[in-house]
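I opened the notebook to look up how this chain is put together. The entries follow the order in which I checked things.

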Amino acid sequence: MRFAALVIGLLATFVSSVAATALTYRLEANEKACFYNYVDQRNVKLAFYFAVQSGGSFDIDYSVVGPGEKVVLDGTKERQGDFVFTAQSIGEYRFCFNNDMSTFAEKIVDFEIAVENEERAQLPSRQGASPEQASALEESIFKLSAQLSTITRNQKYFRTRENRNFSTVRSTERRIFNFSVIEGLMMVSMAALQVFVVRFFFQGARKGKCRCLFTLEFRGFQLLCVMPRLVMGPMELI
């Protein structure tokens, strides 16, 4: 019976106290997207969470505008955010993401908008049960709810970290590959240039070689070479 009351109370707590919307949206370059949530009570808490999962430098511009175009929250080039604020006015609240900073990169954003009501649900009590038992059960349920919320936030955080680290690994791999290709091309180019220079040197040496008209040798060594040279017409000996 206690277990059934615990389950019913837990479900009643989630249904009556929290109304959440979790979405994933692909934001194109130079695009601005807004999402709306209507609040029909004063002084209720609004929870707003977002995280950029991929694209560019993992940053985005955001803003939260309340009734009467009153800016509640805003920020530029933020990677993620987790905010809770009190809606003091009844009306429509606008949650916007702006990707004007990117020319080509698209962004994938996970976000959640939750309306939290602080009024606790009345748990079903067993006939003859003392108020202390009901109060202890209620506190256990709300502690469990808080722990589940913490686990959910941690999962979102680790998912965001995993996506960013994976993107960093892919970027590093792509840079290493490009550097290896460029290095290989430079080595091939340097080898071809060296071959060309050596061939040009020997070809120039063969073209510039002249025969001697008279040579003087001693023990196999050439001591004197008389070569012809043209100076304004006649051939002279040097």
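The entries below go from the whole chain to the sheet, the core, the rings and a few loop residues.

**Entry 1: the chain as a whole**

I note at the outset that this is a predicted model. I looked up the secondary structure and found two helices and 12 strands in the protein chain. Read along the sequence, the pattern is α-β-β-β-β-β-β-β-β-α-β-β-β-β. The chain has 238 residues, and 26% of them count as buried.

What is the strand order in the open sheet of four strands? I read it as 2-7-4-5, with antiparallel pairing. Strand 2 and strand 5 (70-78) are at the edges with a single partner strand each, so one side of each has no neighbour in the sheet. The twist averages 10° from one strand to the next.

I went through two of the pairings. Strand 4 and strand 7 pair in the antiparallel sense over five bridges, and Val-65 has Arg-94 in strand 7 as its bridge partner. Strand 4 and strand 5 also pair in the antiparallel sense, over six bridges. Here Tyr-62 stands opposite Gly-75 in strand 5. The hairpin of strand 4 and strand 5 has three residues between the strands, and in this hairpin Gly-68 takes a positive phi near 75°.

**Entry 2: the largest nonpolar core**

I looked for the largest nonpolar core and found one of 23 residues. The residues with the most contacts inside this core are Leu-46, Phe-48, Phe-50, Phe-85, Tyr-93, Phe-95 and Phe-97. Which strands each supply at least two residues of this core? I listed strand 2 (32-39), strand 3 (44-54), strand 4 (60-66), strand 6 (80-87), strand 7 (91-98) and strand 8 (107-116). The largest share, five residues, comes from strand 3. As background, I note that nonpolar side chains tend to be buried together in soluble globular proteins.

I took Leu-46 as a case to follow. Leaving out residues up to four places away in sequence, Leu-46 touches Val-39, Phe-83, Val-84, Phe-85, Ala-87, Tyr-93, Phe-95, Ala-114 and Val-115.

**Entry 3: aromatic rings**

How many aromatic pairs does the structure hold? I have 13 in the list. I picked out Phe-35 and Phe-111, a tilted pair at 4.6 Å centre to centre with 45° between the planes. Phe-35 lies in strand 2 and Phe-111 in strand 8, so this pair ties together parts that are 76 residues apart in sequence.

**Entry 4: loop residues**

I checked Gly-56, which lies in the loop between strand 3 and strand 4. Leaving out residues up to four places away in sequence, Gly-56 touches Ala-105 and Lys-107. Gly-56 and Lys-107 are 51 residues apart in sequence, while their C-alpha atoms are 7.1 Å apart in space.

Most residues other than glycine have a negative phi. Asn-30 is not a glycine, yet it has a positive phi of about 60°. Asn-30 sits in the loop between strand 1 (18-27) and strand 2 and is partly exposed, with a relative accessible area of 47%.

Asn-43 likewise has a positive phi of about 60° without being a glycine. I placed Asn-43 in the loop between strand 2 and strand 3. Asn-43 counts as exposed because its relative accessible area is 55%, and the cut-off for exposed is over 50%.

Note on methods: Residues are numbered from 1 along each chain as its sequence is written. This is a predicted model: local features need pLDDT of at least 70, side-chain atom pairs count only at pLDDT 80 or more; totals for chains, interfaces and linings use all residues. Side-chain values use heavy atoms; hydrogens and water are left out. A nonpolar core is a set of buried Ala, Val, Leu, Ile, Met, Phe, Trp, Tyr and Cys residues joined through side-chain atoms within 4.5 Å. Buried means under 20% relative accessible area, exposed over 50%, partly exposed in between (1.4 Å probe, protein chains only). Contact means heavy atoms within 4.5 Å. Rings of Phe, Tyr and Trp (its six-membered ring) pair if their centres lie within 6.5 Å; planes under 30 degrees apart count as stacked, over 60 as edge-to-face and the rest as tilted. Two strands pair if DSSP finds at least two bridges between them. Axes are lines fitted to C-alpha atoms, for helices over the stretch in contact, and angles run from 0 to 180 degrees between N-to-C directions.
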